[in-house]
Amino acid sequence: MSAGTILTVSGLTKSFGDGEAETLVLKGIDLQLAEGEMAALLGPSGSGKSTLLSILGTLMRASGGSHEMLGTDLMQASEAERTEFRSKYLGFVFQFHHLLPDLSAIENVMMPAAAAAGRETAPMRSKAGELLDAMGLAERRDFRPAAMSGGQRQRVAVARALINDPVLVLADEPTGNLDRQTADEVMALIRSINDSLSSSFLISTHDAHIAAQCPRRIELLDGRIVHA
Ligand code: ADP
Ligand code: MG
C-alpha cells in the first residue's frame, strides 16, 4: 500500500448464478483510491457500477480477486468483521434518499451515530447541524423530508453519510433522480464538502456531465475499467 492509499482491489471479479446460468458481471477490476479524493465511477446502465459499489461497501462479497482497505483483507474477513468495518469506515448515499419520513433533517443526519451509540448526544446534534450547514441546509434543520425538495433531500442524505466520519463515501447515482441544475448544485456541494473533510468519495453515474465535475473519472464498460 503506497502512502495515502486507502483502498486496493486487484483482479476483482463478480459472477451471479451458477452452472449454465452463471454470468460474469465484473471481469477483473484493478483500482486504488487515495485518501480524500473524489472520483466518479462512470459507465452506462448495466456496466456493473452498482455491483462494484456494493462490493466496495462490503454489502456484497466479490467472487474472486483481492479487496483490501485500510490494511484489512475484506475477502478473508468474517461477516461480523465486515459489518463492523462498514459502520466504522464507510458511508453510503443512494439514488433514492432513504430518509426516515417521521424524522426532521437533523434527526435523519444524526440517526446513524445515535443508532451506533444507542442514544443521541449534544455533540452529535451539533455535528449534524454543521454538516447540514455545509450542505447549504442551515434553514432546513427541522424540516421533514416531505417538506423538502428532491435536491434538499439528497443533500440531507449526503450529510447523513458523513456523520460517522467515514474514510470513504460510496454514492450510487446520487443525482440520478434530479434535474440537471439541481444535480449540479448537489455535485458542487459534495465537491466543497470533500475539500473541507478528509473523506474520499466514489460517485457512480451514467452521465458524463456529472462525472466531469469530479477531479478523477474511472470509466467502467461491460465489467471492465477502461480508464482510471
Ligand atoms: P449498473 O449499476 O452499472 O447499471 P449493475 O451493477 O446494476 O450495473 O448490473 C451489472 C450487470 O449485473 C447487469 O447485467 C445486471 O443485470 C447484472 N446483475 C446485477 N445484480 C444482479 C443479481 N443480483 N443477479 C443477477 N444479475 C445481476
Ligand atoms: Mg446501478
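Two strands count as paired if DSSP finds at least two bridges between them, a criterion that applies to the strand views of this predicted model.

**View 1. Strand 3 and its pairing with strand 9.** Strand 3 (residues 38-42) and strand 9 (residues 216-221) are paired in the parallel sense, with four bridges between them.

**View 2. Strand 3 and its pairing with strand 8.** Strand 8 (residues 200-205) also runs parallel to strand 3, and the two are joined by five bridges. Here Met38 is the residue that stands opposite Phe201 of strand 8.

**View 3. The two faces of strand 3.** In a regular strand, side chains alternate between the two faces of the sheet. Met38, Ala40 and Leu42 lie on one side of strand 3 and Ala39 and Leu41 on the other, and with all of them buried both faces are covered.

View 4. The residues around ligand 1 are Phe16, Val25, Gly43, Ser45, Gly46, Ser47, Gly48, Lys49, Ser50 and Thr51. Helix 1 (residues 49-56) supplies three residues, the largest share of this shell. By residue class, the shell comprises two nonpolar, seven polar and one charged.

**View 5. The annotated span.** An unreviewed UniProt entry places the feature "domain: ABC transporter" at residues 7-228. In the model, the end C-alpha atoms of residues 7-228 lie 14 Å apart, and the span is 35% helix and 27% strand.

Methods
Residues are numbered from 1 along each chain as its sequence is written. Chains are lettered from A and ligands numbered from 1 in the order in which they are written. This is a predicted model: local features need pLDDT of at least 70, side-chain atom pairs count only at pLDDT 80 or more; totals for chains, interfaces and linings use all residues. A residue is buried if 20 or more other C-beta atoms lie within 10 Å of its own, exposed if 12 or fewer, and partly exposed in between; C-beta atoms are placed from the backbone. A residue is near a molecule or strand if its C-beta atom, placed from the backbone, lies within 6 Å of it. Ala, Val, Leu, Ile, Met, Phe, Trp, Tyr, Cys and Pro count as nonpolar, Asp, Glu, Lys and Arg as charged, and the others, Gly among them, as polar. UniProt positions are given in the numbering used here, feature names are shortened, and annotations may be inferred rather than shown by experiment.
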